[in-house]
Amino acid sequence: MLDLFPSREASPFGRRWKRERGARIPVTVVTGFLGAGKTTLVRRFLGTPEGAGTAVIVNEFGAVGIDDALVRDSAEATVLLGNGCVCCITRTDLQVALRRLVFDRERGTLPPFGRVIIETSGLADPAPILQTFSTDRALGGEFHVDVVLAVVDAVNGETALDSAAEARKQAILADRLVISKSDLAGSTTVERLTRRLQQLNPRAAIDIAVGGALDPRRIVEPATGERSAFVAEAEHGDGVVSFVVAQEAPLEWPTFSRAMETLIALRGSDLLRVKGLVNVAGCRGPVVVQYVQHLAHPPVELQTWPDADRTSRVVFITRNMAERPVRDLFAAVQALVKSPD
Amino acid sequence: MTATDPSPLTKGYQPVTWNFKLLAHDMLSGFGGMGEGMSVQIAPDGRRIIWLAHESAPKNFTAVDVSDPRKPKVVCQTDLPHANMRSNSLETCGNIMAVAYQTSKKDLQPAGFELFDISKPENPKSIGFFDCSGPHSRGVHQLWFCDGEYVHCASGSRDFVPTNALDDQFYRCVDVRNPSKPVEVGRWWMPGTRQGDNVMPPPRHPIDKGFRAHNTNVYPQRPDRCYLAYIDGGMFVLDISDKASPKKVSQWTNSPPYTGFMHTVVPLFDRGLMLVTDESTENNAKDWPKLIWVLDAREETNLVPIATCPLPDHTIYAAAGRFGAHNIHENVPLPTAWHSDQIVLGTFFNGGLRAYDISNAYQPKEVGVFMPPAPPGAPTGTIQMNDVFVDERGIVYTMDRHIGGLYILEMDF
């Protein structure tokens, strides 16, 4: 679109932001299998200073878990908690709930919350939640998912991972993994579960919560640093693999975006999550890119790189799609785009 | 999740900090009723000093060492000669500071502006004074001093007899190249506001605040232009290529139907935009809405309003004190000031400090709010944020009008 009022301060991607979420409301998605201890973790967080001013959305997605007993009395309602927090229970539509939170805040009927925690159903696939923020332009402009956190029960976690594909997917797509109820399991069990989780998701840091208590910063801090760690292609089970595409030389934006468009057109449903920093030619800061299956989040240019490394690094979590063809595709598109005339 | 006790913060007015980090708060030795003058000097010894104007007597100005923004330290605080005056505005340029003096009644002194050598911040030395007193003058309300050569100000004058007593201050340009002998080089007033003008005086507004000058901004990108806010007269672009004879280029006003008191005009040259602010002057939001307006200024003779910066529901803010726009960060053309044509920071009295992203000029979006709890002893029971300045490091300084003094913040977006 022709910009009538161009600014030399702006980048091709708009204003350069200090961080990926810009000025949007940060969102933490807390996922985890049935009985993993999500509610306990969220409750403990709300009692900490960092938890003040949090809006909690308990998203049931039609699935009835045991958490339902806790929320039954106030279902489909927004309720006010202590500590300036609000809690909204929705069994219908996450988008409606999020929009209502913003609307009520603007009207002054809700406290000016500064963070949202979405507590998912134990059977929920986190991918549709991530998609919500890229499919809905209004929500994507107001909210940003800073971290996806998967809670895994130390006692029953391995069984759940063995038996339920949902539990595996939650662990695979998480930015950060939290082992709960470690005080109820033996150290050998916890160590074995840790190794299993590392195998499933080598990118994610693993924290141990004792009695539901976790350093509140681990619930709110964006996981960018952890996610950018380089990993070799890893097999997670269920045909899911993860790998990093990296390139030292700056990339032309058309090259990168066209390669991604091609991938999405051919294998969008198998791109479970793609996220990383791209060194775009002509940009001062790194450009954060994120894709969930067929959907691309708007790219965001940051003011500065997180460190001295200027390498583009994009983590792919895919299903039945290996690293090599993706690299080959990028190389082919790059060669074509570079061809003069 | 279960419901627990309803929060007292569920409805109505409440403090909030959103995308700002508070680094420090200084009540300024108990004299924290602050005006609309904020200017940063790098002293000869390397210290970073912010000079602050007070809203009213007894204090004249305060200097705060903000070299470490987390540990501000008052290094100088001076007194006015008497209580029937105020020094609401100031600017520094290098080691010279200009301070506006406005008296509460006409024909009092000192009314005008004073120049100080501030090379030793603990001991500012007067080096010049420009007298603007007179039987119809209250002196200088606001001044602009960025090039070290000229002071542009909203001032009365001994020889100026307004058609209405509220219209006493007009645009004056004063040569201060010899600080000990400031000389007026030019002036302009809205036609009809001076006795003897050959046009009728302007019709008064229902809330009559006067047809007189307020901010008088001049930028090096267009040294031939003065961007002049004229309270109930709206705003003017003046051609000052001949300083002795300023000429009107264009005018824009929102009033009526709005309620006047246009305060500041900030051009965003690269983008062909202009920011224009109102000032809220009535308690309990009686003059709502007072806004920051975004104008398409690509054609300076045909200014077109295209957006305003959105404010929350005013009924929440009508309980105590003023609510609405006032000062904004003005991209002062000095190396110690932050410059942006993407972000607007403004003060809104009990609405606190608010930041807007105007990268889409048609849809300004709020990206930050700082509404601290009422400072101890606040007469309205709320903050009344009055002015804001951002230094070249991006550190934000904002002040309370009544008692709260100085708040130092970091933009977190």
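Figure 1. Of the 341 residues of chain A, 46% count as buried (a residue is buried if 20 or more other C-beta atoms, placed from the backbone, lie within 10 Å of its own, exposed if 12 or fewer, and partly exposed in between). The model is predicted: local features need pLDDT of at least 70 and side-chain atom pairs count only at pLDDT 80 or more, whereas totals for chains, interfaces and linings use all residues. Residues are numbered from 1 along each chain as its sequence is written, while chains are lettered from A and ligands numbered from 1 in the order in which they are written. Chain A has 12 helices and 15 strands; these are DSSP runs, with helices (H or I) of at least four residues and strands (E) of at least two, numbered from the N terminus. Two residues are in contact if their C-beta atoms, placed from the backbone, lie within 7 Å. Among contacts in chain A between residues at least 6 apart in sequence, 78% join residues at least 24 apart.

**Figure 2. Where the two domains of chain A meet.** Domain 1 covers residues 25-227 of chain A and domain 2 covers 234-338, with bounds from an automatic or database domain assignment. In this view, 16 residues of domain 1 of chain A are in contact with 18 residues of domain 2 of chain A. On the side of domain 1 that touches domain 2, two or more residues each come from helix H4 (126-135), helix H7 (165-173) and helix H10 (224-227) of chain A. H4(A) gives the most to this side, with five residues.

**Figure 3. An open sheet of four strands in chain B, in the order S20-S21-S22-S23.** Pairing in this sheet is antiparallel; two strands pair if DSSP finds at least two bridges between them. Strand S20 (262-268) and strand S23 (304-308) of chain B are the edge strands, and each pairs on one side only. S20(B) and strand S21 (residues 273-278) of chain B are joined by six bridges. Thr264(B) has Thr277(B), in S21(B), as its bridge partner.

**Figure 4. An open sheet of four strands in chain B, in the order S2-S29-S28-S27.** The pairing is antiparallel. Strand S2 (20-26) and strand S27 (385-390) of chain B stand at the edges with a single partner strand each, so one side of each is left without a neighbour in the sheet. Strand S28 (residues 395-400) and strand S29 (residues 406-411) of chain B run antiparallel and are joined by five bridges. Ile395(B) stands opposite Glu410(B) in S29(B).
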